[in-house]
Every structure is written in C-alpha cells, then in structure tokens.
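Open the model in your viewer and keep the selection panel handy.

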Amino acid sequence: MNLIELIELVNAKIVAGNPDHRIIEKAFCSDLMSDVLTIDTDQLLLITGMANVQTIRTAEMADIHAILLVRNKKASPDMIKLAKENNLVLFETSISMFHAAGKLYTAGLKPVY
Amino acid sequence: MMTLHFHIEGGNFTNAGFASSQVKKTLKQLNIDSGLIKKIVIALYEGEVNIVAHALKGEIVVEISPETITMILTDEGKGIDNIELAMKEGFSTASQKVREMGFGAGMGLPNIKKNVDQLFIESTVGVGTKLTMIKQLDHA
C-alpha cells in the first residue's frame with residue numbers, strides 16, 4: 001500500500017518526513033518496544049501509542065521507516081528531530097489502535113504473523 | 001581494525017540508543033549487508049538500553065575487523081543475580097520507569113542471543129556486568 005493512501009485512511013497528520021513513493025506491506029501494533037525489536041520484516045508500519053524518543057530509536061535500529069502514533073498521542077520535538085534525522089515518516093491520528101489497525105487491515109495491509 | 005568507544009549514563013533514556021545509532025552509521029559506511037547490520041544494532045541497542053535501565057554507568061567498546069564485530073558492554077551497577085533466569089523470556093527486574101519507556105518485558109537478553117553468533121555474560125552482584133557479543137561479518 002502506498003504510504004500516502006495509508007495516511008489518508010486513518011486521517012493522520014504527518015509531523016515528520018515525506019511519504020513520497022514509499023510502499024508499506026505489513027503492520028505491527030505494539031506499545032512494547034522490546035517486541036518491536038524481535039520483528040525482522042521490511043516495508044513495515046509500526047502502529048503504537050508509545051510516544052517517546054525510544055520509539056524512534058527502536059524504529060531506527062529495526063529499519064522501520066513509518067510510524068503511526070494512535071490514541072491522539074503527540075510526538076515531542078525530540079521525536080520529530082530524531083525522526084527527520086533518520087528519514088522516517090511519523091504521523092499522528094486521534095483514533096484508537098484497534099480502529100486504525102482495522103481500517104488498514106481491511107484496506108489490505110498484512111500482519112507480520 | 002576499527003574501535004569505537006562510548007560512555008553510557010545510567011537512567012538517561014533521552015540518550016539511550018545514541019551509541020547504537022553511531023555504530024549503525026559506521027557499519028553502513030563500511031558497506032556491510034543491511035540485514036546483518038540490523039541484527040548487530042538490535043543486539044547492541046538492547047544491551048545499551050539494559051545499561052541505561054539497570055546500571056549506574058557503562059562503557060561500550062565496538063571492535064570491527066573485516067571478519068568479525070565484537071561488542072563489549074561493561075557496566076557498574078547491581079549486576080545480575082541469576083544469569084540463567086535473566087536469559088529466560090519474560091523474566092525482568094526492570095523498574096516501572098523502564099516499563100513506561102516500552103522496555104523491561106524480559107526480552108532483551110534472549111533477543112541479543114538470537115541476533116549475535118556468540119554471547120558471553122559475566123556479572124558480579126553489586127559490582128556490574130560485562131556482555132561480550134560477537135558477530136561474524138565474513139559469511140553474510
């Protein structure tokens with residue numbers, strides 16, 4: 001799925017990065033970064049309510065280039081700065097994790113497992 | 001042989017991951033396979049977060065040769081009482097603060113073991129812990 005289309009589906013606001021022509025195939029929902037670090041999948045979207053700098057660091061280490069913050073969590077200036085440094089697309093939505101996941105699953109995004 | 005040194009401050013979650021990030025950038029510059037880089041930096045990041053989460057302070061030394069990367073993480077702190085137990089998925093002594101940062105689920109050490117070729121843990125209660133992680137680079 002095209003990242004621009006994905007962002008529109010969950011009514012998200014981009015706070016860092018440029019979705020340009022990125023393609024996302026799978027998504028993983030977790031507030032636990034320890035679990036995110038066990039995933040070895042490319043073209044992955046991370047859906048999380050964990051809004052702190054370590055969310056961005058985790059994505060950096062795991063080669064995740066797109067993060068959706070749910071439940072109206074807001075990215076801090078530090079998160080936005082680090083996301084930009086790592087060429088990561090960070091976007092926020094007010095809807096819940098379940099709601100966002102449901103919309104994206106219905107639209108064809110695949111689970112990791 | 002290239003050697004990188006980092007000082008890690010215990011409890012400082014703002015900077016946690018800085019060392020791993022620098023190592024990742026260096027490995028990219030050395031044109032190492034991206035799948036291999038991911039495994040190396042995930043192991044290192046887990047170790048770095050462990051120092052921040054559990055120790056007073058620590059040092060990370062990364063030695064890169066054409067064949068091998070060796071990462072030595074030494075910390076001063078409470079140490080690990082039972083290493084066998086610490087290696088079990090789900091076992092954790094992390095504080096509430098660490099859990100609020102999205103860690104402390106007892107996945108760190110098992111995930112390090114999964115991502116490197118060799119892991120050695122030495123620890124003395126009340127003194128500190130030394131992790132040595134080795135990953136082969138030449139048969140990527």
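Helices here are DSSP runs of H or I with at least four residues, numbered from the N terminus. Please keep in mind that this is a predicted model.

**Stop 1: a pair within one helix**

Select A:Arg57 and A:Glu60 in chain A. Their side chains meet in a salt bridge, 2.9 Å from N to O. Because the two residues sit three apart in helix 3 of chain A, about one helical turn separates A:Glu60 from A:Arg57.

**Stop 2: a pair that links distant parts of chain A**

Next, pick A:Asp31 and A:Arg71. They form a salt bridge whose closest N and O atoms are 2.7 Å apart. The two partners are 40 residues apart, with A:Asp31 in the loop between strand 2 (26–29) and helix 2 (33–36) of chain A, and A:Arg71 in the loop between strand 4 and helix 4 of chain A. A:Asp31 counts as partly exposed, at 28% relative accessibility, and A:Arg71 is also partly exposed, at 36%.

**Stop 3: helix 4 of chain A**

Move along to residues 77–85 of chain A. In this helix, A:Met79, A:Ile80, A:Leu82 and A:Ala83 are buried. Look down the axis of helix 4: its buried residues fall within an arc of 170 degrees, so they line one face of the helix. To see what covers them, show strand 1 (13–16), helix 3 (53–61), strand 4 (66–69) and strand 5 (89–92) of chain A, which are among the covering elements. Then turn to the face away from the buried side, where you will find the exposed residues A:Pro77, A:Lys81 and A:Lys84. After the helix comes A:Asn87, with a positive phi near 55 degrees.

**Stop 4: where the chains meet**

Show both chains and color them separately. The contact draws 26 residues from chain B and 22 residues from chain A. About 1900 Å² is buried between them, and carbon and sulfur atoms give 52% of that area. Which residues of chain B lose the most area to chain A? They are B:Lys24, B:Lys38 and B:Tyr45, together 29% of what that side buries.

Polar contacts between the two chains link 14 residue pairs. On the chain B side, helix 1, helix 2 (34–54), helix 4 (96–100) and helix 5 (108–115) of chain B each give two or more residues. Helix 2 of chain B has the largest share, seven residues. By type, that side divides into ten nonpolar, eight polar and eight charged residues.

**Stop 5: salt bridges across the interface**

Four salt bridges cross between chain B and chain A. Start by selecting A:Asp63 and B:Lys24, whose side chains meet at 2.5 Å, N to O. This pair runs from the loop between helix 3 and strand 4 of chain A to helix 1 of chain B. Both A:Asp63 and B:Lys24 are buried. Elsewhere, A:Asp40, A:Asp42, B:Lys38 and B:Lys39 are joined into one network by salt bridges that share partners. One link to display is B:Lys39 with A:Asp40, where the closest N and O atoms are 3.8 Å apart.

**Stop 6: a threonine in chain B**

Finish at B:Thr26 in helix 1 (residues 18–29) of chain B. B:Thr26 is buried, with a relative accessible area of 15%. A polar atom of its side chain lies 3.0 Å from the backbone oxygen of B:Gln22. Beyond its sequence neighbors up to four places away, B:Thr26 touches B:Met2, B:Leu4 and B:Ile64.

Note on methods:
Residues are numbered from 1 along each chain as its sequence is written. Chains are lettered from A and ligands numbered from 1 in the order in which they are written. This is a predicted model: local features need pLDDT of at least 70, side-chain atom pairs count only at pLDDT 80 or more; totals for chains, interfaces and linings use all residues. Side-chain values use heavy atoms; hydrogens and water are left out. Buried means under 20% relative accessible area, exposed over 50%, partly exposed in between (1.4 Å probe, protein chains only). A polar contact is a pair of N or O atoms within 3.5 Å; within protein, one must be able to donate a hydrogen and the other to accept it, and residues adjacent in sequence count only if both atoms are side-chain atoms. Contact means heavy atoms within 4.5 Å. Buried area is the accessible area (1.4 Å probe) that two parts lose on being put together, summed over both. Ala, Val, Leu, Ile, Met, Phe, Trp, Tyr, Cys and Pro count as nonpolar, Asp, Glu, Lys and Arg as charged, and the others, Gly among them, as polar. The arc is that of the directions from the helix axis to the C-beta atoms.
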